[in-house]
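Have the viewer open as you read.

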Amino acid sequence: MTMLLINGAFQIKGTQPDGDTVRFVPGDPQEWDLVTSRGRTVKHDVLGRAALRLDAIDALETHYGPNRVHQPLQFAHAARDELLSWLGFTNVQQGPNETVTAVVPDTVPGFVLTSGADIHGRCIALAGRGASGGTSGVDVDVDVDLLRTTANHHLLAAGLAYPTFYRSLFPSLRTELTAVARQARTAGQGLWPSDTTTTGAKVTALSSITDDAVMLPKLFRRLLDYLQLDNPSLACFPAYLAGVQDRFTILSSGKRCVGLHNVVEISNAQTVRMTQPPEDLVFEEG
């Protein structure tokens, strides 16, 4: 798979990184224009610093939406801390709103491999640490060996993030990430022993999903948005999911679906679960 290589540095002071989002600035900030030329614009500040959304993974939320709602923080913070440590940051200090107030060093060298941006202006990327050894601003072939050097691969192998695939990711890379995620699940690493995505989470209040149940963040976000509409019952949740119209393909069957209600079921009025594991779904970009 060919992706654009950009060399630069990670910078987190004054930002709110989580397990799959971190700030990066290219050595030449004009190289963001090379990403923008592929479709959507990469939003960045005057210094060229932009948010990355780590491709193919989804870590538990530390501060989602205008009300800054979180998932169980044990694993949300574990993913964030592992990402920052893996990149090379130490002594990270954060305020009560998750903003980094101090860190050593101020920046760490790294690189990104990208094929575009998302609807929020974040660069969708595989993130690597240190020198890439390649020429910045040119397309490179991303094979499994290179994928294994990225934070994306590392977090899945550690069991600290869910595989969440989009169609832009080449199948050979998806196969590798699926394998390491399944290995982590089988070994009981990270969040997997607590995962309720396919076994079912009992939802009796908002705290059920913010403090108790560990689940695929995409399902959490849909549940949260639904519950915040003052819906005390899950009876209408499938209809809500149909209206949101997430588009995806179930890999094991080849079925193309519109709406997560195709893979979500409600039982006993209060228990929600997905009928397919996360790695069996490939989503279309919004």
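The questions and answers below concern this predicted model.

Q: Why is Ser 194 called partly exposed?
A: Its relative accessibility is 32%. Buried means under 20% and exposed means over 50%, so Ser 194 at 32% counts as partly exposed.

Q: Where is Ser 194 found, and with which residues is it in contact, leaving aside neighbours within four places in sequence?
A: Ser 194 sits in the loop between helix 5 (171-187) and strand 12 (201-202). With those neighbours left aside, it is in contact with Phe 75 and Val 214.

Q: What makes helix 7 mostly covered?
A: Of its 11 residues, 10 are buried, and buried means under 20% relative accessible area. Among them are Leu 219, Phe 220, Arg 221 and Tyr 226.

Q: What does helix 7 supply to the largest pocket?
A: Helix 7 (217-227) supplies at least two residues of the lining, as do strand 2 (21-26), strand 3 (50-54) and strand 4 (57-58). The pocket has a volume of about 980 Å³. Of the 38 lining residues, the closest to its centre are Arg 53, Asp 118, His 120, Arg 122 and Arg 221.

Q: How do the residues of that lining divide?
A: There are 13 nonpolar, 9 polar and 16 charged residues.

Q: Which residues have the most contacts inside the largest nonpolar core?
A: In this core of 50 residues they are Phe 10, Val 22, Trp 32, Leu 52, Leu 87, Phe 89 and Leu 113. A second, separate core of 35 residues includes Tyr 162, Leu 219, Leu 241 and Met 274.

Key
Residues are numbered from 1 along each chain as its sequence is written. This is a predicted model: local features need pLDDT of at least 70, side-chain atom pairs count only at pLDDT 80 or more; totals for chains, interfaces and linings use all residues. Side-chain values use heavy atoms; hydrogens and water are left out. A nonpolar core is a set of buried Ala, Val, Leu, Ile, Met, Phe, Trp, Tyr and Cys residues joined through side-chain atoms within 4.5 Å. Buried means under 20% relative accessible area, exposed over 50%, partly exposed in between (1.4 Å probe, protein chains only). On a 1 Å grid over the protein atoms alone, a cavity is a set of points where a 1.4 Å probe fits but cannot get out, and a pocket is an open set with protein on both sides within 12 Å along at least five of seven lines; lining residues have an atom within 4 Å of a point. Grid points are joined across faces, edges and corners, and a volume is the space filled by probe spheres set on the points. Ala, Val, Leu, Ile, Met, Phe, Trp, Tyr, Cys and Pro count as nonpolar, Asp, Glu, Lys and Arg as charged, and the others, Gly among them, as polar. Contact means heavy atoms within 4.5 Å.
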